[in-house]
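Student: I have a structure open and want to learn how to read it. Can we go feature by feature?

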Amino acid sequence: MQFENVISLEVNRAVQSFAAVIERQHLTGVSQLIIAFNSLAVCYDPLKISYSELVHTLQSLESSEFAIPSLQGRTLHVPVVFGDEFGPDLNDVARQSGLSPEDVVQRMTSRSYYVYMVGFIDGLPYCGDLDEPLRLPRRPNPRIKVSKGSVAISGGQTTVYTVDTPGGWHLLGWTPMKLFDAALSQPCALAAGDEVRYISITEEESKHWDEHRQREWDRQWNG
């Protein structure tokens, strides 16, 4: 289902609201709803509901009067070591944006970022919207490997790489926090509608990060 073809908070919330309306109906044959920036994929079993029947049902829902569900995402505070080998593009981003590296970090940590969607690779959040000076295009030459946990920006958005993968975004830092764990019943730490807030930590703190430290962090920041 295609909504207005723009990336905006208003349009994405409309996508999420309609997904919530569909979920409330418990439609026979509908197995999954996948939220993107401005579209909604409705996955279904054609042995339980036909395409034409599904389209008719969705159109009926779209034209009906429903109370818009309250969208209450959570804010996940993510610890980040900025700069040096953890964020090799920080100085270059500062130069391109006309800011100091310290100003870049201050801007990145001064606000939260709305999760528009999760995808591309397992659990990777697409978050926006960056301050105007940080809205840089992708790197001209993508890296063959970006390490899991890398915090990056590109085109007005920020993300945390959840697995090792090639990537062309600008790397500003790294987090020891896991945002994706396939062994968990809910493997993704974030969902569309949540928010991410980066909290700066030291390199020394990151070296001693373990499950105990993560539990302490969650009690302090994500309780």
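Student: Is Phe18 buried or exposed?

Tutor: Start with the cut-offs: buried means under 20% relative accessible area, exposed over 50%, and partly exposed in between, with a 1.4 Å probe and protein chains only. Phe18 has a relative accessible area of 11%, so it is buried. This is a predicted model, in which local features need pLDDT of at least 70 and side-chain atom pairs count only at pLDDT 80 or more, while totals for chains, interfaces and linings use all residues. Residues are numbered from 1 along each chain as its sequence is written, and side-chain values use heavy atoms, with hydrogens and water left out.

Student: Which residues does Phe18 touch?

Tutor: Contact means heavy atoms within 4.5 Å. Leaving out residues up to four places away in sequence, Phe18 touches Met1, Phe3, Leu40, Leu58, Leu61 and Glu62. Trp209 is 191 residues away along the chain, and its C-alpha atom is 40 Å from that of Phe18.

Student: Where does Phe18 lie?

Tutor: Elements are DSSP runs numbered from the N terminus: helices are H or I with at least four residues, strands are E with at least two. Phe18 lies in helix 1.

Student: At what angle do helix 1 and helix 2 pack?

Tutor: Axes are lines fitted to C-alpha atoms, for helices over the stretch in contact, and angles run from 0 to 180 degrees between N-to-C directions. Helix 1 (residues 9-25) packs on helix 2 (residues 51-63) at about 115°, and the axes are 11 Å apart. Phe18, Ile22 and Gln25 of helix 1 meet Leu58, Leu61 and Glu62 of helix 2.

Student: Is the crossing of helix 1 and helix 2 left-handed or right-handed?

Tutor: A crossing is left-handed if the near helix is turned anticlockwise from the far one by less than a right angle, and right-handed if clockwise. The crossing of helix 1 and helix 2 is right-handed.

Student: How do I read the strands?

Tutor: Strands of a sheet pair through backbone hydrogen bonds, either parallel or antiparallel. Two strands count as paired if DSSP finds at least two bridges between them. Take strand 1 (residues 30-35) and strand 2 (residues 40-44): they pair in the antiparallel sense over five bridges. A hairpin of four residues joins strand 1 to strand 2. Ile35 stands opposite Leu40.

Student: How many strands make the closed barrel?

Tutor: Seven, in the order 3-10-7-8-5-4-11, with mixed pairing. The twist averages 40° from one strand to the next. Strand 7 and strand 8 (residues 157-160) pair antiparallel over four bridges, and Ile153 stands opposite Thr158.

Student: What about strand 4?

Tutor: Strand 4 is largely enclosed by the rest of the structure, because five of its seven residues are buried. Strand 4 pairs antiparallel with strand 11 over three bridges, where Ser112 has Arg197 as its bridge partner. Strand 4 also pairs antiparallel with strand 5, over four bridges. There, Tyr114 stands opposite Gly128.

Student: Which residues touch the most other members of the largest nonpolar core?

Tutor: A nonpolar core is a set of buried Ala, Val, Leu, Ile, Met, Phe, Trp, Tyr and Cys residues joined through side-chain atoms within 4.5 Å. The largest one has 26 residues, and Val78, Val104, Met108, Leu134, Leu172 and Tyr198 touch the most other members. Elements that give two or more residues include helix 3 (90-97), helix 4 (101-109) and strand 7 (150-154). Strand 3 gives the most, with four residues. Beyond its neighbours within four places in sequence, Leu134 has contacts that include Val93, Val104, Met108 and Ile153.
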